[in-house]
Structure formats: structure tokens, C-alpha cells
Amino acid sequence: MQFYHSQFQFKPPSDKYFQMFFLLWIVPFLIMLILVVFKFFSLPPQIPLFYSRMWGESQLANKEFLFLPIAGVFLLGVFNNALGMMFYPKDKLMSYLLAGAASLVSILSTITIVNILLLFI
């Protein structure tokens, strides 16, 4: 019985650009997580989170919803970096694009979370 051997590997590449994108994903994610955990109990019950809605109460959400962007960044980062590791031996550009997209989302989400938290200082 012969098992199917995939050409893709989950071995982390030692490429400096891929590692830079990985760090640009994980460091803002950890900063965001630490800030929210430490400030969580000092936040009011509702916070402005949905800026795309009309101004007023429709923008407010329970403070527990502050963990949604964090979870999204984590899931997107894990998924994109895993795919990037799979594609790295065959297609470095696709690997960089996936890791870079995760980094960009992580940085922008961190800026958004920090701005929301700064409203309550």
C-alpha cells in the first residue's frame, strides 16, 4: 500500500522575508491581545466598534465583541501562514503575498483596537 506524498511541506521557511512577515503578524497580534486583556475590566459595558454604521447607538457593541477582531486576526494569520509554508517551495511570491496579507490585517486591526482603547483613557 502506497501513501500519497504531497509536494507541499509545512516546514517553516528560513527565508528572511517570510520570517519578517510572520513577525509583523504575531507581534501586533500579541500587543492587541495584551492590551485588550489588561484594559478589559476598566472598559464601559458598550464600546464603539462598528464604525461603518450610522453615528450613535448603532455603532455600539458589548465590550466582549472586542475579541472578534483578535480572533479574526489569529485565524487569518494561522491560515495564511500555513498556506504560505505549503506554497513556499513552489511559489515564493504566493507565499509572500499570503504572509503579507496576514501582516497587514494584523497591523491595521491593532491600530483600530488601540484607537478604541484610547477613547477610554
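Let's start with one residue. Ser 109 is found in helix α3. A caution before going on: this is a predicted model. Is Ser 109 buried or exposed? Its relative accessible area is 15%, and the cut-off for buried is under 20%, so Ser 109 counts as buried. What does Ser 109 touch, not counting residues up to four places away in sequence? Met 32 and Val 73. Keep those two in mind. Val 73 is one of the α2 residues in the contact with α3. Met 32 is one of the α1 residues in the contact with α2.

Now the whole chain. There are three helices and two strands. From the N terminus on, the order is α-β-β-α-α. The chain has 121 residues, and 33% of them count as buried. The accessible surface comes to about 8,300 Å². Carbon and sulfur atoms own 72% of that surface.

On to the helix pairs.

First on my list, α2 with α3. Helix α2 covers residues 67–87, and helix α3 covers residues 92–118. Their axes are 8 Å apart, at an angle of about 165 degrees. Angles over 145 count as roughly antiparallel, so α2 and α3 are roughly antiparallel to each other. The crossing of α2 past α3 is left-handed. Who makes the contact? On the α2 side, the residues include Pro 69, Val 73, Leu 76, Gly 77 and Phe 87. On the α3 side, they include Lys 92, Met 94, Leu 98, Val 105, Ser 109 and Ile 113. By class, the residues of the contact divide into 12 nonpolar, seven polar and one charged.

Next, α1 with α3. Helix α1 runs over residues 16–39. It packs on α3 at an angle of about 25 degrees, with the axes 8 Å apart. The cut-off for roughly parallel is under 35 degrees, so α1 is roughly parallel to α3. Again, α1 passes α3 in a left-handed crossing. The contact of α1 with α3 has 18 nonpolar, six polar and one charged residues.

Then α1 with α2. How far apart do the axes come, and at what angle do they cross? They come within 10 Å and cross at roughly 160 degrees. That makes α1 roughly antiparallel to α2. Here too, α1 passes α2 in a left-handed crossing. From α1, the contact uses Phe 18, Phe 22, Trp 25, Phe 29, Met 32, Leu 33, Val 36 and Val 37. From α2, the residues include Phe 67, Ile 70, Val 73, Phe 74 and Val 78. The classes are 14 nonpolar, three polar and no charged.

Back to single residues. Take Lys 92, in helix α3. Now look at Lys 92 and Phe 18. They are 74 residues apart along the chain. Their C-alpha atoms are separated by 9.1 Å.

Last stop, away from the helices. Where does Gln 59 lie? In the loop between β1, residues 46–48, and β2, residues 60–62. Gln 59 has 10% relative accessibility, so it counts as buried. Which residues is Gln 59 in contact with, leaving aside neighbours within four places in sequence? Ile 47, Pro 48, Leu 49, Phe 50, Tyr 51, Arg 53 and Met 54. For Leu 49 there is also a distance. Gln 59 and Leu 49 are 10 residues apart along the chain. Their C-alpha atoms are separated by 5.9 Å.

α1 is roughly parallel to α3. α2 is roughly antiparallel to α3, and α1 is roughly antiparallel to α2. And Ser 109, where we began, is buried and touches Met 32 and Val 73.

Definitions and conventions
Residues are numbered from 1 along each chain as its sequence is written. This is a predicted model: local features need pLDDT of at least 70, side-chain atom pairs count only at pLDDT 80 or more; totals for chains, interfaces and linings use all residues. Side-chain values use heavy atoms; hydrogens and water are left out. Axes are lines fitted to C-alpha atoms, for helices over the stretch in contact, and angles run from 0 to 180 degrees between N-to-C directions. Helices (H or I, at least four residues) and strands (E, at least two) are DSSP runs, numbered from the N terminus. Angles under 35 degrees count as roughly parallel, over 145 as roughly antiparallel, 65 to 115 as roughly perpendicular and the rest as oblique. A crossing is left-handed if the near helix is turned anticlockwise from the far one by less than a right angle, and right-handed if clockwise. Contact means heavy atoms within 4.5 Å. Ala, Val, Leu, Ile, Met, Phe, Trp, Tyr, Cys and Pro count as nonpolar, Asp, Glu, Lys and Arg as charged, and the others, Gly among them, as polar. Buried means under 20% relative accessible area, exposed over 50%, partly exposed in between (1.4 Å probe, protein chains only). Accessible areas come from the Shrake-Rupley method with a 1.4 Å probe; for residues, only the protein chains shown count as cover.
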